[in-house]
There are 2 protein chains.
Amino acid sequence: MLQPPPARIGMAESEIDTPALIIDLDAFDANLDLMAMLMAQHGTKLRAHAKTHKSPVIAHQQMARGAVGQCVQKVAEAEILAWGGVPDILISNEVVGSDKIARLVALAKICRIAVCTDDAGQVAALGQAAQAAGVVLRVLVEIDVGAGRCGVAPGPAAVALAQSIAAHPALRFGGLQAYHGGAQHLRSYGERQTSIGATIDATRRTVEQLRQVGLSCDIVGGAGTGSFDLEAASGLFTEIQAGSYIFMDADYARNFDEAGQPVSRFRHALFVLSTVMSAAQPNVAVLDAGHKAASVDSGFPTVWQRPGVSYVGASDEHGSLRVADGADVPAVGEKLRLVPGHCDPTVDRYDWYVGVRNGRVECLWPVAARGAMF
Amino acid sequence: MLQPPPARIGMAESEIDTPALIIDLDAFDANLDLMAMLMAQHGTKLRAHAKTHKSPVIAHQQMARGAVGQCVQKVAEAEILAWGGVPDILISNEVVGSDKIARLVALAKICRIAVCTDDAGQVAALGQAAQAAGVVLRVLVEIDVGAGRCGVAPGPAAVALAQSIAAHPALRFGGLQAYHGGAQHLRSYGERQTSIGATIDATRRTVEQLRQVGLSCDIVGGAGTGSFDLEAASGLFTEIQAGSYIFMDADYARNFDEAGQPVSRFRHALFVLSTVMSAAQPNVAVLDAGHKAASVDSGFPTVWQRPGVSYVGASDEHGSLRVADGADVPAVGEKLRLVPGHCDPTVDRYDWYVGVRNGRVECLWPVAARGAMF
């Protein structure tokens with residue numbers, strides 16, 4: 001069953017029940033505005049990735065600031081957005097299985113939708129389902145630009161797959177998906193520049209080879225919060241798929257910018273609010289937020305604005321804090337904010353966002369696509 | 001919103017949509033029966049930990065085989081069990097905060113409930129709330145028996161706290177909570193024996209000191225799937241709090257028994273069913289189940305009965321498989337079972353269990369306390 005919201009509109013942050021997923025609305029608004037400004041400067045479009053927020057409410061705020069639409073990873077996420085009125089959705093991922101593909105093509109009747117592929121057999125399956133549903137489905141070719149995961153090789157293999165899409169009466173070739181996830185978390189600007197440089201070269205070569213066989217790319221999409229300046233400056237990418245910029249997790253904050261400084265232009269806007277439930281041991285305090293409350297796949301959360309207090313261990317329902325000598329020991333009942341190590345899967349643990357401004361709860365938004373993995 | 005079930009009763013396993021949380025019902029029933037037999041041999045009671053299954057349906061099956069009740073970690077989990085008819089619940093954890101404590105004492109009107117504490121201030125808060133609600137609340141003292149997390153020191157500190165509970169008119173001293181989580185995953189039997197030996201000694205000393213001041217322990221509770229034979233054989237522990245034995249995750253299977261063999265008496269009964277969504281790279285296949293679908297806090301999942309195929313990388317929605325030379329490469333669309341590295345948080349990612357027997361879906365059970373962290 002769904003959990004009830006942990007707060008009521010108007011209450012003080014200190015009254016919110018914990019663990020709770022908090023948005024600092026001032027920081028969040030500033031992040032939305034900054035990205036819109038950066039995209040305008042680059043002359044590039046944002047297709048924000050909804051795998052971060054899982055929420056039509058947030059999608060609409062991004063689109064009101066100029067985003068052309070949303071990316072998702074799963075059909076179930078696309079359904080939630082489409083049902084919430086989002087008009088243009090790209091599934092930046094392969095969709096496999098007859099039930100899922102049937103749901104995908106059904107969405108083409110209520111929104112503009114596109115999907116990726118890296119397999120000729122799947123092109124046939126998508127075409128057959130689109131034909132049966134009486135729709136024309138936009139399909140992008142995913143190319144492997146460094147991740148070594150999904151995607152055909154750039155160049156001739158991608159061209160051949162694009163031609164098979166273009167040849168199908170119920171499909172339309174929509175362009176290239178060229179995302180290099182690993183490059184987002186390379187710490188130095190130089191490393192990211194080298195890695196994304198190779199991504200851009202491989203993508204440019206493929207776009208050119210497609211052009212030579214008469215195929216143009218409506219969308220050349222990719223990039224994330226860690227690298228998007230590079231793709232946006234290439235003049236090649238038409239759509240930037242950043243998602244995490246709205247919240248900024250602890251891991252992205254470990255990247256360095258061109259000047260060798262920690263990346264800081266986007267602000268931490270997402271927090272897990274937690275309560276100290278035990279302080280029975282010296283120099284130890286225990287929070288009610290473990291790895292069920294804040295995902296640890298990209299490292300532990302960090303404690304917000306509490307010098308000398310470090311999050312050093314997570315079990316299912318407990319977060320262990322080490323308190324440095326001389327630092328204030330958190331008291332039982334005290335509430336602390338944590339910055340999640342990785343926002344996207346942390347959001348997936350909650351049914352509700354609690355939006356806070358000036359210390360008060362201003363809004364409750366459902367995490368509508370929580371658990372939408374299908 | 002809740003996700004719809006990924007299956008219908010009667011369909012073949014191969015037709016289940018993915019990722020899905022599968023129970024092998026034959027293995028599950030065998031695990032339930034084996035634990036009931038082991039408890040009977042030891043003359044000890046099981047108070048199964050519901051943090052594993054999060055389901056009144058499964059709780060009732062454990063109690064039908066002799067379990068005296070259930071443990072939970074959170075008030076929200078206790079509510080789900082109580083609302084589902086479970087009559088006897090121990091929150092094996094501290095509960096802090098006036099809203100949570102009010103909900104806790106309210107449950108005392110519909111079931112037998114107990115909670116743990118390690119703080120004198122919290123004893124006062126529990127007593128005040130119980131008095132206001134007109135109930136008598138059972139409270140156990142948690143002692144730190146090696147985890148270095150929650151719990152007062154065994155011995156005099158525990159006795160003083162027990163006396164403060166016993167002195168409150170709205171509280172009743174219920175005994176000791178003495179759980180050593182870290183010892184569950186020590187790999188050799190000898191290491192576990194040494195570690196739990198110290199746990200038992202400290203607990204026995206505390207029970208004796210309590211007796212000397214006229215306080216008896218209705219419950220001496222603790223132990224988990226990795227160590228319970230030791231606590232059960234002590235003659236001291238009255239209730240064993242094992243939970244994972246019903247499913248057996250990949251990490252518990254890395255423990256060794258007294259004969260130096262991998263622990264194998266309980267069977268793997270919980271799987272994440274996943275689909276191959278890409279096989280575009282040589283010796284690589286990509287599943288639709290990443291760390292959102294199978295928690296990685298205790299290591300990656302393992303691939304079930306597919307020699308030469310290893311799960312080597314997890315991102316949010318992708319699981320990367322490495323295929324050894326000569327092994328069959330999984331085909332796009334093929335479905336594979338994964339054994340989760342850690343069952344409890346993996347279960348928390350799903351709204352539904354799909355029970356399978358003889359290759360067919362036999363039941364759908366809600367993961368009723370999914371997300372119940374409050």
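A residue is called buried if 20 or more other C-beta atoms lie within 10 Å of its own, exposed if 12 or fewer, and partly exposed in between, with C-beta atoms placed from the backbone. The structure is a predicted model, in which local features need pLDDT of at least 70 and side-chain atom pairs count only at pLDDT 80 or more, while totals for chains, interfaces and linings use all residues. Residues are numbered from 1 along each chain as its sequence is written, and chains are lettered from A and ligands numbered from 1 in the order in which they are written.

Helices (H or I, at least four residues) and strands (E, at least two) are DSSP runs, numbered from the N terminus. Strand β5 of chain B, residues 112-117, has 5 of its 6 residues buried, so the strand is largely enclosed by the rest of the structure. On one side, β5(B) pairs in the parallel sense with strand β4 of chain B (residues 88-94) over 5 bridges; two strands are taken to pair if DSSP finds at least two bridges between them. Within this pairing, B:Ile113 of β5(B) is the bridge partner of B:Ile89. β5(B) also pairs in the parallel sense with strand β6 of chain B (residues 137-142), over 4 bridges, and here B:Val115 has B:Val139 of β6(B) as its bridge partner.

β4(B), helix α4 of chain B (residues 98-107) and β5(B) form a right-handed β-α-β unit; a crossover is right-handed if, with the strands pointing away from the viewer, the path from the first strand over the helix to the second runs clockwise. A right-handed β-α-β unit is also made by β5(B), helix α5 of chain B (residues 120-133) and β6(B).

These strands belong to a closed barrel of 8 strands in chain B, which runs β2-β3-β4-β5-β6-β7-β8-β9 with parallel pairing. Strand β2 (residues 45-49) and strand β9 (residues 239-240) of chain B pair in the parallel sense over 2 bridges, and B:Lys45 has B:Glu239 as its bridge partner in β9(B).

Leaving aside neighbours within four places in sequence, the residues in contact with B:Val139 (C-beta atoms, placed from the backbone, within 7 Å) include B:Ala114, B:Val115, B:Leu126 and B:Phe173.

Another set of strands in chain B involves β16 (residues 352-357). Strand β1 (residues 20-24) pairs with β16(B) in the parallel sense over 4 bridges, with B:Tyr353 as the bridge partner of B:Leu21. Strand β17 (residues 360-366) pairs with β16(B) in the antiparallel sense over 6 bridges, and B:Trp365 stands opposite B:Tyr353. The hairpin of β16(B) and β17(B) has 2 residues between the strands, and B:Asn358 takes a positive phi near 50° there.

The contact between the chains takes 55 residues from chain A and 55 residues from chain B. On the side of chain A that touches chain B, β10(A) gives the most, with 3 residues. Chain A can be laid on chain B with an RMSD of 0.0 Å by a turn of 180° and a shift of 0.0 Å along the axis, superposed by least squares on the C-alpha atoms of residues with pLDDT of at least 70 in both copies. That is the relation of a two-fold axis.

How values were computed
Contact = placed C-beta atoms within 7 Å.
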